[in-house]
Amino acid sequence: MSDLDLLTQSLARSVKHWRAVRGFTLDVLAARAGVSRGMLIQIEQARTNPSLGTVVKIGDALGVSITTLLDYEQGPNVRIVPAEQAVRLWHTDAGSYNRLLAGTEAPGPLELWDWRLMPGESSPSDPHPAGTTELLHVTAGELTLTVDGVEHRVPAGASVHFEANVPHTYGNTGEGPMEMVMAVSVPPVT
């Protein structure tokens, strides 16, 4: 079985599990996530490999991190995630990618990401739930961060944080690769 098959099956189990924990019907989760009921059925039956954006919307609607959606079995209080277990959820032929390094659920979903964007590439993100904060540190190149239509330049060595409940895009308009580490904090579902 391929890694993608294992990931698809884990996501199917987790979405069903967390939907049951939250007491959401398929229709309720579909409405909260802005994803079709049919897509949720396909995900829960492990018949599709959804886009990163769809997984993020479902996680936000359930109030859990992507890490939790990929593996809801919680281990001991200390959890080491080996480098080879970081999950690459998005990539391009040019070499851009993001990797989910680690995540936790206390007090709400908290995720740590590793990003690389090649020159001329960008990755848009839909708004997250109110109260979601992103904290980014650029380690190489320059990030062109557009938040709610306003462009911000973040050079290597600089950090930025913003409320992520508006549309935002990570971009690289430079001549070399842009690399950053990002933490995303989502408020718990009430």
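The report below covers the nonpolar core and then a few individual residues of this predicted model.

## The nonpolar core

The largest nonpolar core comprises 42 residues, and the members that touch the most others within this core are Ile58, Leu69, Leu143 and Tyr170. Helix 4, which spans residues 52-62, supplies the largest share of this core, namely six residues. The core draws on both assigned domains, taking at least three residues from domain 1 (3-70) and at least three from domain 2 (83-185).

## Surroundings of Leu143

When neighbours within four places in sequence are set aside, Leu143 is in contact with Leu136 and Val138, with His152, Arg153 and Val154, with Tyr170 and Gly171, and with Met178 and Met180. Of these partners, Tyr170 is itself named, alongside Leu143, among the core residues that touch the most other members.

## Ser123 in strand 4

Ser123 belongs to strand 4, which runs over residues 122-125. Its relative accessible area is 8%, and because this falls under the 20% cut-off, Ser123 is classed as buried. Apart from neighbours within four places in sequence, Ser123 is in contact with Trp90 and Trp115, as well as with His168, Thr169 and Tyr170.

## Thr92 in a loop

Thr92 is located in the loop that lies between strand 1 (87-91) and strand 2 (97-104). Because its relative accessibility of 22% lies between the 20% and 50% cut-offs, Thr92 counts as partly exposed. Thr92 and Glu121 are separated by 29 residues in sequence, while their C-alpha atoms are 8.9 Å apart in space.

Note on methods: Residues numbered from 1 in each chain as written. Predicted model: local features only at pLDDT ≥ 70, side-chain atom pairs only at ≥ 80, totals over all residues. Heavy atoms only, no water. Core = buried A, V, L, I, M, F, W, Y, C linked by side-chain atoms within 4.5 Å. Buried < 20%, exposed > 50% of the residue type's maximum accessible area, 1.4 Å probe, protein only. Helix = DSSP H or I, 4+ residues; strand = E, 2+ residues; numbered from the N terminus. Domains from an automatic or database assignment. Contact = heavy atoms within 4.5 Å.
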